[in-house]
Amino acid sequence: MKTVIVIGNGMVGYKFCEKFVNKEGSENFNVKVFGEEPRPAYDRVHLSEYFENRDAKNLELATSDWYKENKIDLYTNQKVTEINREQKTVSTSKGNTFSYDYLVMATGSDAFVPPIKGIEKKGVFVYRTIEDLDAILDYADEIKRSGKPGNAAVLGGGLLGLEAAKAVMEMGLTPHVVEFSSKLMPRQLDTRGAKVLKHKLLGLGINILLTKSTNQLLGDDHITGMDFGGDDKIEVDMLVVSAGIRPRDELAKECGLSVGERGGVIVHHNMQTSDSNIYAIGEVALFNQMIYGLVAPGYDMANVAASQILGDETVVMNDDIDMSTKLKLIGVDVASFGNPSMPSAKGQAIIYENKTKDLYKRINVSHDGKQLLGGIMIGDVSDYDMLHQMYLNGMPMPDNAEELILGNRPEGSAGFGSVLDLPDTAQICSCESISKGDISGLIKEGTCNSLADVIGHTKATTGCGGCKPMVTDLVNETLKSLGQDVKNTICEHFDYSRQELLDIIKIKKHTSFDDVINQHGKGDGCETCKPLIGSIFASLYNDTANEEDPIQDTNDKFLANIQRNGTYSVVPRIPGGEITPEKLIVIGEIGVKYNLYTKITGGQRIDLFGAELNDLPAIWRELIDAGFESGHAYGKSLRTVKTCVGSTWCRYGMDESVSFGIELENRYKGLRSPHKLKGGVSGCIRECAEARGKDFGVIAVEGGWNLYVGGNGGANPKHAILLAEQIDNKTAIKYLDRFLMYYIRTAEPLQRTAAWLEKLEGGIEQLKKVVIEDSLGLASEFESEMAGLVAAYQCEWTQAINNEEMKNRFKHFVNSDEGDDNLVFVPMREQKMPEQWSK
């Protein structure tokens, strides 16, 4: 039997083994794998997840038993130190020598560490391995115990740098991203997109320093700061270097293999090096004069090398390698595909930017408008998968190309259709080279009947994970086309839809996240299922966000909306927009006392901006003492019920809209739901309260109220649809109770009422049957549940300030009650605003 030796047991080295053992003829080979690290291969793409629980097992790609089962000899903690090409042997750090017939170099890359004076100081780390992360975590603990401010810098503003910044922030340190370029993610984003990303990250509390060249690191034996020249310095207690990668080609150089001028083992299309018995794959391989730092090209290389060694010379690398990426950076969705920053000579750009929501979308199209050439998406990447497929497969463009990023016109149709419209050759998972035909074929022939089956057979979604939404859509749509029922699971930790999980929690009477995941899920949960389950608790029991604050989103955790400079806004409830002069004076006095920017909102409330985290409890105390309560502007809950003055003052008013609006807002305040809820009550058909632009709206007409549901404003406004006509107050409340509980029970996570109603089978007519005719026989149950929620209401602010343990989380620093001295405001008109970021 011939022997294949693999040097390197990272993601690509493991993928080679997996591909090799699954191919015909592999039983005639012995495979030996050498890894420097003390464990089997693990997932570096999701390395930051290690910070959640420091459990390396969760990141493993395969167990030690997997290697044994596939007759692969795995040598961990054993570095290959020499390659003897003449004798076809390798030597290791433990003094052992092994012979090979074929050698596969999958040594990957090291973090590039710039030659900065003082880089050897204590407190400077790279971000590549689990051991690196352990060292960073331990040092962060030292910083917090010492009472230092806890500033940490990250050198590099690319993909890995921003991941490192997220990790630093989750450790409770203040991150400062230092980037040599004039923009973040310079390889993936254009200037405007990078500015939007910067704006978003600054709002999350991450400091961004651009066009910075570090002269030296300050401090004696450990780092205390960074010097950029002149008086330009920052104080930091730790530095994480993430300034790029450098291929680990030292073994190749020593044994005389051809390498590139700037590093990397030169390979041909068959992954062979200058020695026909040696292959190089992954980040050590220089192909087409490039080092490819993404998972998908590395996996393709692994497949090519495995095929070539087993005699299939038809499998080679394509010259055109897709470098598209989609990822979530610190909670911000970012994607790019094709040529993201294309010069005007090659095509034209269509750009949509919404600065208020930190959204940026750009697509590049050919001059004749027939071909999609590339694009960038920040903040909303929901259309990425289809746009990416249009680009990869040269699919025809719609007549109005702008609809691809702006959405449907009111009377228009979708810019692209279903995932089923893609050709069978469309590559859905680039990491595993899985096409649409591969997936739909497995389902149609009966081999696979679920998403889990498809993942198990193809390994699609197990690489970078970016293709999961499209794989999910393809599986669901294919099953539906075959007449099968499909349920949407909320995430990989629960094999249930939101509706099913709500029913389980209700029946089992669970009251904690740990109970739910231990009995009905797996793993530790994620940013999707944790707040979702918190929302379900609130929807079932009217639990406040204080009950289990660790599983909440940032805004819910701190009961306020975080703003772009890390301060918070405070929005007290003003039901129906009605407020006394005395209460107005209290708000004004609080604004003056805490130096807050004040603004009247579109929902007829007063928003107080610029509150520091440690001041929130004191501000709430003064508001509560004056008769205010939380306005829930931060939650997926009822925000406001907007009203006009109605018949009380207006000569056109047909009913008392303010009183009814106050009654509705006080009834549904604190009601948690799959998404935010807004209501409106207009006293006549002139519609001054814009009730038809709300999730529910009531308009006074001759003979009573007309009740409308399923509307919203925002980027894709929808008019609410008439549910019932000429009804009285009592009936309107009864129908609203039923409508809201039906929505809460059946909607998907983060689905507004408009989208829910659009997807509801039977639409508004079905809703009328359920709500008005009680076709499901659930009306009395809906009403009873709503009555229970109304009775269980508590003001979250009051709850927080009356509990010392809860109050402890409202601090800028874990070891100090002081405020944040880094906050800078500048005058604006007669108030203030956060200092503008540098251009």
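**Figure 1. M185 in the loop between β11 and α6.** In this predicted model, M185 sits in the loop that runs between strand β11 (174-178) and helix α6 (191-203). Its phi is near 45°, a positive value in a residue other than glycine. Most residues other than glycine have a negative phi. The relative accessibility of M185 is 0%, and M185 therefore counts as buried, the limit for that class being under 20%.

**Figure 2. K88 in the loop between β4 and β5.** K88 is placed in the loop that joins β4 (80-84) to β5 (89-92), and it too is a residue other than glycine with a positive phi, here near 55°. With a relative accessibility of 25%, K88 counts as partly exposed, because the value falls between the limits of 20% for buried and 50% for exposed residues.

**Figure 3. The crossing of helices α1 and α8.** Two packed helices are described by the angle between their axes and the distance between the axes. The axes of α1 (residues 11-21) and α8 (residues 295-309) come within 8 Å and cross at roughly 40°, and the two helices are therefore oblique to each other; the crossing of α1 and α8 is right-handed. On the α1 side the contact is made by M11, V12, K15, F16, K19 and F20, which meet V295, G298, Y299, A302, N303, A305, A306 and I309 of α8. Sorted by class, the contact of α1 with α8 comprises 10 nonpolar, 2 polar and 2 charged residues.

**Figure 4. The crossing of helices α20 and α21.** Helix α20 (residues 657-668) and helix α21 (residues 729-746) have axes that come within 12 Å and cross at roughly 30°, and the crossing of α20 and α21 is right-handed. From α20, the residues F660, E663, L664, R667 and Y668 take part in the contact, and from α21 the residues N729, A732, I733, L736, D737 and L740. The residues of the contact of α20 with α21 comprise 7 nonpolar, 1 polar and 3 charged.

**Figure 5. The chain that holds these sites.** The chain has 26 helices and 38 strands, and its radius of gyration of 29 Å is close to the 28 Å that the globule rule gives for 839 residues, so the chain is as compact as a globular protein of that length. Along the principal axes, the C-alpha trace of the chain spans about 100 × 65 × 60 Å. Buried residues make up 53% of the 839 residues, and among the contacts with a separation of 6 or more, 63% are accounted for by residues 24 or more positions apart.

Technical notes: Residues are numbered from 1 along each chain as its sequence is written. This is a predicted model: local features need pLDDT of at least 70, side-chain atom pairs count only at pLDDT 80 or more; totals for chains, interfaces and linings use all residues. Side-chain values use heavy atoms; hydrogens and water are left out. Axes are lines fitted to C-alpha atoms, for helices over the stretch in contact, and angles run from 0 to 180 degrees between N-to-C directions. Helices (H or I, at least four residues) and strands (E, at least two) are DSSP runs, numbered from the N terminus. Angles under 35 degrees count as roughly parallel, over 145 as roughly antiparallel, 65 to 115 as roughly perpendicular and the rest as oblique. A crossing is left-handed if the near helix is turned anticlockwise from the far one by less than a right angle, and right-handed if clockwise. Contact means heavy atoms within 4.5 Å. Ala, Val, Leu, Ile, Met, Phe, Trp, Tyr, Cys and Pro count as nonpolar, Asp, Glu, Lys and Arg as charged, and the others, Gly among them, as polar. The radius of gyration is taken over C-alpha atoms; the globule rule is 2.2 Å times the number of residues to the power 0.38. Buried means under 20% relative accessible area, exposed over 50%, partly exposed in between (1.4 Å probe, protein chains only).
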